[in-house]
Every structure is written in C-alpha cells, then in structure tokens.
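Please keep the sequence and the model at hand while reading the numbered points.

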Amino acid sequence: MTDLSIEPLVLPQSTESPDAEDFLAAARIFNAQQREMWGNDDFLETPQAQLARLRSTPTRRRQLLVARAGAGQQILGVAQVSFPLTDNLHTGTMNVVVDARSRRRGIGTALSAAAEKLAAADGRRALIAETDHPLCGSKGPSAQGPASFIPQDAAACFAVARGFNLELVERISRLDLPEEGAAEGSPQSVPGPAYELLFWQGACPVELVDAYARLRQKMSTDAPQGGLDLAPEAWDGERVREAEGKAHAMGYDVLVCAARHRTSGELAGHTVLEVNRGNPAVAYQDDTLVLQGHRGNRLGMVMKAGNLRRLGQLFPAVQRVYTWNAEENRYMLAVNEQLGFRAIGYAGEWQKPLSRG
C-alpha cells in the first residue's frame, strides 16, 4: 500500500478521554481477532482492561504501533511490542493483528518490520511472538514432533515468512464446570499430613510475599521453555505487588492456592486462577508450580483441585476455565486431564534472531 504509514500510538489517560478514539479502534481490532478465531467472546477484554494491560510498568515497557491508510487515516492494524526491563534484556515480544478486511495488503509485514526495527534499536537480539490455532474437529496431531501440532495456516505461514522459528508448543485446554461446582472435600483437594493449603484472593499476605516471590521466580526456570532464549526472571516482593496491581487494574480477581510444608514452613508450590470481571463466566488458569524437593506428593493436583473448589464457592457464575501448558509437560497435562480439561487448540511460541545492523 503506497499510502500506508506506521506510527506509535500514545495511550490515553482513560477510555473516556477525548483522545481515546484511536486506542478504542485498536482495542476493537484485538477483540475482533479473538472473536473470529475462537467463535466466542471468552477471550475478549474490555477497553479498560486492554488499556491497563498495555501500560508500561517498572519491569516492562510496552509500545503500540498502528498502521494507517486512506483519506481518513483509519487504523487498519496494530502491533504490540513489549520489552523486559529487569531481566531478559536481550529479548522482546511482539503481537501483530490486522483488521480482517485489510489483510493480504502488506500491513502485517509492515507492522512486523517496524516492531523488529524498534526491538533491534533497543538492543534486543531476539523477538518472541505467539500464534493461536484452534482445533477444528481434530483430536490432535497424527505425526510426531512439536511442529506437527501447529497447522500451516495463515498465522504460522506469516511467522515463517518473517523469519521466526517455532521453539515451543503449548496445548490450550478448557474445563467446563458442572453447575454444582467442585465437590466439597473432594479427595483430590486434600493434601497429605505433611502439607497444608493456604488461600488468598488479590494481595498475597505480607508475611508470605517474599516466599511467594521465590515461587514466581522459580516458575521462570522450571516451566518448559523449549528453544526460547530466556533467562530466569527476577522476582521480589515489589514485583509481586506490581503484578497484583496490574491484575486489579485490568479487572481480574486473582485466586491463589499455595502448599506449605508443615515442618519447615516452606512454600512448596502454588497455583493461580484469574476471573475476568468483564466476563464473569470465564476464568483462566495461570501459573502452577511445585518445587523440585516437594514433588511426588500430588501437590499439583491437590492445589489445582482446591483452587477450583474455592473458585466455585466465590465465583459461582464461572462456567469455563482455560489453561495453557507446554506440550512436553506431560505431568501437568495429565493432572489437567484428570480434572476434566480437554484440548481446544494449540499455541506456537516463535522466536526470531535480530540484527542490530
């Protein structure tokens, strides 16, 4: 497109600000893609939630790029670029979305090139992007290897054409909750005598925040990363509070279940559920981790089942829970399958090396 321009989009103070029109247009493009891909509204975010998610924080800088064309300089596509500020300073992430009516006109390519240029100028040597691929009547791949899970659809072909390599495959699963919720006192949610379960909603108790930060940091090293060029994340109490504040600003209620070893007092693991206030029928399963020295005690199952039971007590309107797990993480996939999660698609994690020249 000869009249195409790529430029930064400055976030408005609020979605009600006089200058919010362009941001709202970008937010609609993000949501339209999710609705088109999944055929439902389960992954849609309100403009207020998107605005909170896209704001920079002390640990991550975020930038929106928009593609404009035509007499009215209408926004036809958006690229979200994100740069860690406290760890993994060699990486960035990118998400490119183009309005369905404007595809195959070079807009995605132009946005991707601009995002890559921005990352390289910031000294990043690798850019990571994610693609989602819903299952279409298939129960899974018939071939072997990570690439067999990802179809050669438009998203995957675009990633390959831009020079990205597939480094990790995650299974996207959904749990449809029964109307009566999880059974009270289910054996699955009862730990052995050596452990006790702790629950909190929203902010971690102050006396646990440092121990919880250590769990969050271990999540960045113990969860499968495939071939992604990622270093351990740096977590402390301040970063925990930052993450909690961002979730609250986005309109999410966060439920945490942690397992504590009775003898040592050590937090042995944790699991996280997030409930979308903008769509109270939907929750998302986030991190689940058991420290190496405490594995083999069913804590993954116990914590997840316990947190799902608490979800039913506090948020009975939730009907569906979504989760993402590396396809190579057979233990956690088995736990999820026992809890009733079923695959609905796959996500590809792609990485591209960048040249500073």
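1. Ser5 has Arg68 as its bridge partner in strand 2. Strands here, like helices, are DSSP runs numbered from the N terminus (strands: E, at least two residues; helices: H or I, at least four). Strand 1 and strand 2 are antiparallel and share five bridges; two strands count as paired if DSSP finds at least two bridges between them.

2. On the basis of the note: this is a predicted model, in which local features need pLDDT of at least 70 and side-chain atom pairs count only at pLDDT 80 or more, while totals for chains, interfaces and linings use all residues. Residues are numbered from 1 along each chain as its sequence is written, and side-chain values use heavy atoms, with hydrogens and water left out.

3. Strand 2 (residues 60-69) is largely enclosed by the rest of the structure, because eight of its ten residues are buried. Buried means under 20% relative accessible area, exposed over 50%, and partly exposed in between (1.4 Å probe, protein chains only).

4. Strand 2 also pairs with strand 3 (residues 74-84), in the antiparallel sense and over ten bridges. Arg60 stands opposite Pro84 of strand 3.

5. Strand 7 is joined by seven bridges to strand 8 (residues 252-261), and the two run antiparallel. Trp200 has Val256 as its bridge partner in strand 8.

6. Helix 3 (residues 107-121) has 15 residues and spans 21 Å from its first C-alpha to its last, close to the 21 Å expected, a value given by 1.5 Å times one less than the number of residues. Its buried residues include Ile107, Leu111, Ala115 and Ala119. Just after helix 3, Gly123 adopts a positive phi of about 85°.

7. Ala243 belongs to helix 6 (residues 237-249) and is partly exposed, at a relative accessible area of 30%. Ala243 and Ser5 lie 238 residues apart in sequence and 34 Å apart in space, C-alpha to C-alpha.
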